[in-house]
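User: I would like to learn how to read a ligand site and a sheet. Please take one feature at a time.

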Amino acid sequence: MSLIDEISKIKSIFKSDLDLLKENKLNQDEVKYKYLGRKGLVSKLYSKLSSIDNKEKPKAGKIINELKLDISNKLNTLFSENNVSQNHATKLDHSLPGLRLNNGSIHPLTLIINEIKDIFSKIGFSNVYGSEIDTDYYNFEALNIPKHHPARDMQDTFYIEKDILLRTHTSSSQVHFMENNNPPIRVLSPGRVYRNEDISVRSYCLFHQIEGLYVDKNVTFSDLKGTLEYFAKEFFGPKIKIRFRPSYFPFTEPSAEMDVYWGLNSESDYRITKGTGWLEILGCGMVNPKVFKSVNYDVKKWNGYAFGLGIERIAMLKYGIDDIRLLYEGDINFLGQFK
Ligand code: PHE
């Protein structure tokens with residue numbers, strides 16, 4: 001067979017191979033190899049050039065070059081078309097279900113803190129923040145809790161160094177605020193506090209409080225009661241029952257604790273209120289003049305009240321959470337319920 005005949009034969013097989021390729025009846029790589037591979041049909045043509053007449057060689061070489069270019073162009077065009085349609089098929093499958101993206105939710109403790117901040121902001125309280133690491137002076141000394149005072153035993157403290165500790169209550173922020181501001185004062189100070197307590201369903205080594213401080217002229221204990229009653233009604237509803245019990249805190253005098261009556265409607269109510277239906281949610285009292293003295297306020301001119309709310313207890317009561325540890329574990333299934 002002459003070279004020319006062979007070339008036209010290859011052209012016609014390629015034409016039918018190309019048709020089969022278009023119908024996906026042949027494999028792309030195999031076809032490419034069959035024609036353009038090192039031992040492919042086109043390479044064989046080149047090796048036959050040596051056996052033809054010298055005068056014919058340039059012309060024949062040119063024809064083979066054109067054939068090679070034609071085959072490779074046609075294959076490349078077809079392959080790139082195939083790839084585009086294959087990519088479309090994998091990227092856009094309209095029958096697949098959509099991706100469900102989960103929205104986050106606000107932590108129940110943050111929900112409670114925000115709600116309480118809103119209620120107090122309506123009666124003129126603004127928010128300030130103290131630091132969780134503080135000195136013995138701000139956490140105890142300036143609040144009339146000197147060294148060896150029995151009240152220190154009420155709050156088992158984590159010490160970082162001698163005189164540097166994790167605050168055991170937000171009352172430390174009262175002292176910082178009063179050192180830097182003059183009366184009249186109406187502030188809330190929410191935040192984390194730490195106590196070295198045994199971990200159980202009811203207690204944890206950290207928890208959250210909101211401190212309230214009010215300093216002005218002629219402030220009375222009934223102002224304090226009225227404010228807390230307003231808060232309880234706004235937060236728990238107008239029918240909520242509250243009671244004050246006398247208590248003791250070195251930094252307030254007189255002092256009290258406030259309980260709310262939640263009732264005994266569910267098993268978790270029994271557990272959280274220890275079967276009484278009542279739950280203590282805060283400590284409060286009239287600021288002890290000794291505290292005012294430590295921040296150089298004129299005790300003849302100014303007086304005031306303070307209170308410290310326990311956030312976890314309120315959250316557990318409100319949402320029926322009977323294990324405090326759920327609040328710190330970050331379990332998405334638990335947290336997702338507070339949307
Ligand atoms: N700091 C007290 C506690 O942690 C609560 C409190 C705050 C009491 C302010 C009176 C006034 O128990």
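User: Which residues are closest to the ligand, and how many surround it?

Analyst: A residue is near a molecule if one of its heavy atoms lies within 4 Å of it. Here 14 residues surround the ligand, and the closest are His169, Ser171, Arg195, Gln209 and Gly308. This is a predicted model, in which local features need pLDDT of at least 70, side-chain atom pairs count only at pLDDT 80 or more, and totals for chains, interfaces and linings use all residues. Residues are numbered from 1 along each chain as its sequence is written, and side-chain values use heavy atoms, with hydrogens and water left out.

User: What lies 2.9 Å from an oxygen atom of the ligand?

Analyst: A polar contact is a pair of N or O atoms within 3.5 Å. An N or O atom in the side chain of Arg195 is 2.9 Å from a ligand oxygen. For a ligand nitrogen, the distance to such an atom is 3.0 Å in His169 and 2.9 Å in Ser171.

User: In what order do the strands of the sheet stand?

Analyst: Strands are DSSP runs (E, at least two residues), numbered from the N terminus, and two strands pair if DSSP finds at least two bridges between them. Seven strands form an open sheet, ordered β1-β5-β6-β10-β9-β8-β7, with mixed pairing. β1 (126-127) and β7 (241-249) are at the edges with a single partner strand each, so one side of each has no neighbour in the sheet.

User: How many bridges join β1 to β5?

Analyst: Two bridges join β1 to β5 (residues 185-194), and the strands run parallel. Asn127 has Leu188 as its bridge partner in β5.

How values were computed. Helices (H or I, at least four residues) and strands (E, at least two) are DSSP runs, numbered from the N terminus. A polar contact is a pair of N or O atoms within 3.5 Å; within protein, one must be able to donate a hydrogen and the other to accept it, and residues adjacent in sequence count only if both atoms are side-chain atoms.
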